[in-house]
Amino acid sequence: MTKNHTAGKNCSFEWIDITNPQPGELETIAKQYNLQEESVKDCLQPGHLPKYERLKNYTFVIVRVFTEGDKNADNLQEITNKIAIFLTEEFIITIHRKELPLIDSMSTNFLSDNECKTAREIFIDIVMAALHSFDEPGNQLTQAMEYYENQVFLTERTFSLLKGLYFIKRKINVIRRMLLLTQDIIDKIDAPATSNAYTRDVRDMHVKQKNMYDVLFDNSNQLLNIYFNISSQRTNKTMRVLTIFSVFFMPLTFIVGIYGMNFKHMPELEWKYGYPAVMVLMVVVVICIFAWFRKNKWL
């Protein structure tokens with residue numbers, strides 16, 4: 001579906017927005033605005049990473065926007081949607097596969113019959129909106145991290161947290177990598193020759209998002225390491241208790257094994273007090289082992 005957001009408005013440029021483009025539809029636009037075939041192919045790839053290309057007659061940019069979807073999503077295509085942008089002073093063409101509310105919102109707020117922003121300003125607003133889209137997932141992931149921290153440190157867990165922690169780490173890493181690749185776009189927008197308060201706001205937003213997800217990524221790594229350490233510590237504690245029990249029973253089993261042998265000439269078997277003597281011996285062995293453990297502060 002093709003929509004001209006500047007139709008009938010007093011704007012010095014055209015804004016063509018294409019949702020879920022069909023091959024024929026996109027070919028017509030490409031011929032009309034002299035778009036290169038390589039750029040058109042790139043904009044049709046759903047998993048394409050952010051990029052910025054300055055070509056001979058236009059600038060080609062790909063940005064990615066966070067979109068709500070499956071809560072268990074943990075890859076780039078499920079977490080984000082791509083917006084391909086062709087930009088000149090005369091036109092801006094935005095191409096995306098799904099309806100994006102931020103596009104319609106900007107069309108309503110930034111274009112009017114009396115005053116229009118420039119094509120470059122619309123482009124910068126799209127990049128800013130794309131960065132803003134990562135605010136809410138960042139807050140949700142922060143809350144999820146706090147929940148898992150409480151589960152690791154403050155509760156006696158009866159279930160494994162590993163799958164949930166690993167899912168959060170993957171999701172954070174995907175968004176973090178995407179923001180890292182967006183750095184080149186921000187550098188071109190806020191280049192020294194064109195830098196102003198408007199473009200610096202975009203850079204500040206990018207720095208804020210990048211720092212937030214860097215911190216979340218570091219925290220997820222640390223929490224995973226702590227989880228493994230605590231799990232290992234609890235396993236060691238269990239093994240320690242089992243080892244203590246085995247140490248107590250090993251000498252008793254040894255004694256029982258000796259007197260369980262069916263040899264004919266064993267004087268103790270004929271002795272009247274043989275049985276109570278062995279019982280006393282076992283008690284003495286247990287007391288000695290207990291005293292040894294307490295002396296070494298193992299109990």
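Colleague: Are H6 and H9 roughly parallel or roughly antiparallel to each other?

Modeller: Angles run from 0 to 180 degrees between N-to-C directions, with axes fitted to C-alpha atoms over the stretch in contact. Under 35 degrees counts as roughly parallel, over 145 as roughly antiparallel, 65 to 115 as roughly perpendicular, and the rest as oblique. Contact means heavy atoms within 4.5 Å. H6 (residues 135-153) and H9 pack at about 20°, axes 10 Å apart. They are therefore roughly parallel. This is a predicted model: local features need pLDDT of at least 70, side-chain atom pairs count only at pLDDT 80 or more, and totals for chains, interfaces and linings use all residues. Residues are numbered from 1 along each chain as its sequence is written, and side-chain values use heavy atoms, leaving out hydrogens and water.

Colleague: At what angle do H7 and H9 cross?

Modeller: The axes of H7 (residues 162-181) and H9 come within 9 Å and cross at roughly 155°. That makes H7 roughly antiparallel to H9.

Colleague: Which residues of H11 are buried?

Modeller: Buried means under 20% relative accessible area, exposed over 50%, partly exposed in between (1.4 Å probe, protein chains only). In H11, Gly274, Val278, Met282, Val285, Ile289 and Phe293 are buried. They cover an arc of only 90° around the axis (directions from the axis to the C-beta atoms), which puts them on the same side of H11. On the other side, Val280, Ile287 and Lys295 are exposed.

Colleague: What do the buried residues of H11 pack against?

Modeller: Helix H9 (197-259) and helix H10 (267-270). Just after H11, Lys297 takes a positive phi of about 60°.

Conventions: Helices (H or I, at least four residues) and strands (E, at least two) are DSSP runs, numbered from the N terminus.
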